[in-house]
Amino acid sequence: MKHIGKFVAYLILAVNIFFISLLLLTAYSPHIKPVAHPVESCFGLTFPIFLVINICFFIFWLIIQKYKFALFPLVAFLLCYSQIRTYFPLNFHTSKLPENSFKVLSYNIMGFDGAVKKDGENLILNYLKNSGADILCLQEYQTIESPQYLSQKDVEKALKDYPYHNIQIVGRGSGKGHTNRIACYSKFPILSSRTLDYASEYNGSVVYELKMGEDTVMLINNHLESNKLTKEDKVVYESMLKSPETEKVKSGARLLIRKLAEASAIRAPQADSIAQEIAASRYPYIIVCGDFNDTPISYAHRVIEKGLNDAFTKSGRGLGISYNQNKFYFRIDNILASKNLKPYNCTVDRSIKESDHYPIWCYLKKKD
C-alpha cells in the first residue's frame, strides 16, 4: 500500500508539473509576437485560471504534508511573481495625499451611454463633473446636437471647471458611419494635440502636451483595437459559462479564439507605435492611459509599459476589473506613468455602471 501511495503522489506531481508549465507559458506569453503567432499571444487570458489551479496544488501538498512537492508550485509562483503582482496587486491606500499631487481619470464613456438624458441629466456627465479629477481622458466620446440628447454645449457647461479641452476623431473609418472620438478635459493648458498614425478603422490614440507649472508633460490617451465580439458572440460566451457542454464549448471557443487572435494581431502594431512615441519623447514626465482592450498579461500592455509604471500595480489593490459586461472579468483600462511620477490610490471605480467600462483614476505626484 505504501508503494501505491507513493505512485499516486508522483502521478499527481506529474499533473501538477504539467499545470506549472501552462502557468509559466501564460505568464510569459506577452513576449510572443501577435502578428506572427496571434492565437498563442492570447494565452495570457488564461493566466488567472492556471494560477488558481496551482494554488490549489500548493495547498494540497501542504495538507498531505508533502512539503518537498509543495516547492514545485512555490518556485513557479516566484518565477512569475511580477505577473501575479501585475494581475492582483495588494497595496494600502493613503488617507492623506501629498501636496501638489494631481488626479488623472480615464474612462471609456460609451458615448455618454448613448448621450441620453434622464430628467434632463446624464449620469456619466454628472460623475465626471463631481470626480475632482484634474485631467479627464475619455474614450468613445459622443454628443448629439438635439434637445433630447446630451450636446457638446451641455458638456462644456457641466465641465466649466476644465478651461482646456480637446476632442479628436480617430480611426480611418471616420466619415463612413463609424466615427469614434477621444477627448481630454484638463485644468492644465493643452499646448498641442495630434493623433498617432497607425492602422485602425475605428480606434486610435491622441498625444497631448500639457503645461504643468514649469514642466511639460506628454499625455497619450488611447483606445486600442477592440476585440470585435458582437452581442451574439458575447451571448455564446455567457452560455458556455452557464452550461459548459463539450460541443458547445468547442464550437464557442473556436469562434472566440479566432476573433480575439485577429484583434490581438491588429493591436500589436498599435502598441508598438505607442511604445516608439514614448521612447522618442523629449519630455521627462509621461502619462499613458485609456482603454487597451487587453489584459495586464498581454503583449500590448508589456510593450507600452516598458520604462513606465502601471499605477494600478503600484498603488491599487485587487483584480481591478474594469470591463463590466458579459462576464469578461478583466482589467483592460490603464493609467501608466513615467517613473518620476509616484502614483497614489489607483482605483477602478465601480460606483457607476452606465458605461460598459468602469472609470479608473489615480493621483500622481512629481518625485523630488
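Student: What makes the 19 Å reach of helix H3 (residues 67–79) close to the expected value?

Tutor: H3 has 13 residues, and at 1.5 Å a residue 18 Å is expected from its first C-alpha to its last, close to the 19 Å found. The expected span is 1.5 Å times one less than the number of residues. A helix here is a DSSP run of H or I with at least four residues, while a strand is a run of E with at least two, both numbered from the N terminus. This is a predicted model, where local features need pLDDT of at least 70, side-chain atom pairs need 80 or more, and totals for chains, interfaces and linings use all residues. Residues are numbered from 1 along each chain as its sequence is written, and side-chain values use heavy atoms, without hydrogens or water.

Student: Which residues of H3 are called buried?

Tutor: They are Phe69, Ala70, Pro73, Ala76 and Phe77. Buried means under 20% relative accessible area, exposed over 50%, and partly exposed in between, with a 1.4 Å probe and protein chains only.

Student: How do you know that the buried residues of H2 line one face of the helix?

Tutor: In H2, the buried residues are Phe47, Phe50, Leu51, Asn54, Phe57 and Trp61. Seen down the axis, they fall within an arc of 120°, so they line one face; the arc is that of the directions from the helix axis to the C-beta atoms. An α-helix has 3.6 residues a turn, so residues three or four places apart point the same way. The length of H2 (residues 47–63) agrees too: its 17 residues should span 24 Å, and the end C-alpha atoms are 25 Å apart.

Student: Why is arginine 282 called exposed?

Tutor: Its relative accessible area is 68%, and the cut-off for exposed is over 50%, so arginine 282 counts as exposed.

Student: What makes the pair of arginine 282 and glutamate 209 a salt bridge?

Tutor: The closest N and O atoms are 3.7 Å apart. A side-chain nitrogen of Lys or Arg must lie within 4 Å of a carboxyl oxygen of Asp or Glu, so the pair qualifies. Arginine 282 sits in the loop between H9 and E8, and glutamate 209 in strand E6 (residues 204–212), 73 residues apart. The whole structure holds 7 salt bridges.

Student: Why do lysine 366 and aspartate 215 count as partly exposed?

Tutor: Lysine 366 has 22% relative accessibility and aspartate 215 has 26%, so both values fall in the class between buried and exposed. Their side chains also meet in a salt bridge at 2.8 Å, N to O. That pair joins strand E12 (residues 360–366) to strand E7 (residues 215–223), across 151 residues.

Student: What makes E5 and E9 edge strands?

Tutor: The open sheet has 6 strands in the order E5-E6-E7-E8-E10-E9, with mixed pairing. Strand E5 (190–195) and strand E9 (308–310) each pair on one side only. Two strands pair if DSSP finds at least two bridges between them; E9 and E10 (residues 333–338) have 3, in the antiparallel sense.

Student: Which residue in E10 is the bridge partner of aspartate 310?

Tutor: That is leucine 336. The side chain of aspartate 310 also meets arginine 331 in a salt bridge of 3.2 Å, N to O. Aspartate 310 lies in E9, and arginine 331 in the loop between helix H11 (311–315) and E10. Both residues are buried.
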